[in-house]
Amino acid sequence: MLTITISRKAFVFAAAAAAVVATGVGIAAWSTSGSGNGYAKAATASALTLSDASASTSADLYPGSTSDVKVKVTNPNQFPVKVTSVTLQAAGVVTSDKGAACNAATGVTFTDKTGLSLSVAAGATSTLTVPAAAAMSNASDNACQGAIFSIPVNVTAISDAA
Amino acid sequence: MAARNTSSAVALAVVALLVTASAQAAWTAARTGGAYGRATSVGQGVTPTATKITGRDIRVTWTAATLTNGAGVGGYLVRRYNALTGTEVAITASCSGTIAALTCTESNVAKGSWQLTVTPLVANWRGTESLKSPAVTL
């Protein structure tokens, strides 16, 4: 019974999709020979989601060092994506799990990374490594030893279908 | 039933094509969230050795401490304690401040019985102070 229900829905959707494709082809053909614009509507892509990647981090930061950072990305789409950049949010402030003393002087800075090629499969959640993106200065407070730092970032991705 | 299954297969194929078509477009999405990094920490200082060399001079030596990720530390703080009372006293000039080497020599130390410790550091970070050295008596 369940199979039948899914089949009907799929059939209806397929019919609608076929109509969109056919319409798109028709308009394209028209615009090729005319002077207007052609339009086609692509399926809507769902936004990626980011979640806590702290468990995957390794304790590498110390005053005067640089370190990788981790970003845990979920791709809800039915196609793979490729993360191409991870950049610090405007006015983004790095915080820690060590409280006020460390937060007042984490010493941590983030370097925007572009030109990345970090793949996330369709419907998958992947923890990505962004190389050498964090640095710690000598200003880091003593309370920051062993801290986990949360860095507010923007992640940009493009589709990565074959 | 067979016809329905055939319809289902066709439908899924069409859907797959549509998804592929949309994926091949230059779809871009920006998402805000957190990236994460973690700090290491400074290990404990290694118990030093204190040796009377000449007169009232004490040479203090120790082996290197590290951060918990294995990286080297930036230097050491040396402290001296009265072995009888446990009271800390001011270290003399040649061993005060951050000592980058693994030895230093205190000169003209007051008579008494003394124990010394080292604390590794990196910038503002401080490790755990070492255990006290065996006493040296002047």
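Here are a few worked exercises on a predicted model with chains A and B.

**Exercise 1. Work out whether A:Val108 is buried or exposed, and find its surroundings.**

Solution. 
- Next, count neighbours. A:Val108 has 25 C-beta neighbours inside 10 Å, and the cut-off for a buried residue is 20 or more. A:Val108 therefore counts as buried.
- Now see who is there. Leaving out residues up to four places away in sequence, A:Val108 touches A:Leu61, A:Val94, A:Ala134, A:Met136, A:Phe149 and, from chain B, B:Gly37.
- One more distance to check: A:Ser65 is 43 residues from A:Val108 along the chain, and their C-alpha atoms are separated by 9.8 Å.

**Exercise 2. Identify the residues with the most contacts inside the largest nonpolar core, and look around one of them.**

Solution. 
- The largest nonpolar core holds 52 residues.
- Within that core, A:Val71, A:Val83 and A:Ile151 have the most contacts.
- Pick A:Val83. Beyond residues up to four places away in sequence, its contacts are A:Val73, A:Leu116, A:Leu118, A:Val120, A:Leu128, A:Val155 and A:Ala157.
- As background, nonpolar side chains in soluble globular proteins tend to be buried together.

**Exercise 3. Trace the partners of strand 4 of chain B.**

Solution. 
- Get the overall layout of chain B first: one helix and nine strands, in the order α-β-β-β-β-β-β-β-β-β from the N terminus on.
- On to strand 4 (residues 75-82). Eight bridges tie it to strand 7 (residues 113-122) of chain B, and the two are antiparallel. Here B:Leu77 stands opposite B:Thr119.
- Strand 4 of chain B also joins strand 5 (residues 88-89) through two bridges, antiparallel too. B:Tyr81 faces B:Glu88 in that pairing.
- Finish at the turn. The hairpin of strands 4 and 5 of chain B has five residues between the strands, and B:Gly86 takes a positive phi near 80° there.

**Exercise 4. Describe the open three-stranded sheet in chain B.**

Solution. 
- Write down the order: 2-3-6, with antiparallel pairing.
- Strand 2 (49-52) and strand 6 (103-106) of chain B are the edges, each pairing on one side only.
- From one strand to the next, the twist averages 20°.
- Zoom in on strands 2 and 3 (residues 58-61) of chain B: four bridges join them, and B:Ala50 has B:Val60 as its bridge partner.

**Exercise 5. Sum up burial and contact range in chain B.**

Solution. 
- Burial: 33% of the 138 residues of chain B count as buried.
- Contact range: take the contacts in chain B between residues at least 6 apart in sequence; 63% of these join residues at least 24 apart.

Conventions. Residues are numbered from 1 along each chain as its sequence is written. Chains are lettered from A and ligands numbered from 1 in the order in which they are written. This is a predicted model: local features need pLDDT of at least 70, side-chain atom pairs count only at pLDDT 80 or more; totals for chains, interfaces and linings use all residues. A residue is buried if 20 or more other C-beta atoms lie within 10 Å of its own, exposed if 12 or fewer, and partly exposed in between; C-beta atoms are placed from the backbone. Two residues are in contact if their C-beta atoms, placed from the backbone, lie within 7 Å. Two strands pair if DSSP finds at least two bridges between them. A nonpolar core is a set of buried Ala, Val, Leu, Ile, Met, Phe, Trp, Tyr and Cys residues joined through C-beta atoms within 7 Å. Axes are lines fitted to C-alpha atoms, for helices over the stretch in contact, and angles run from 0 to 180 degrees between N-to-C directions.
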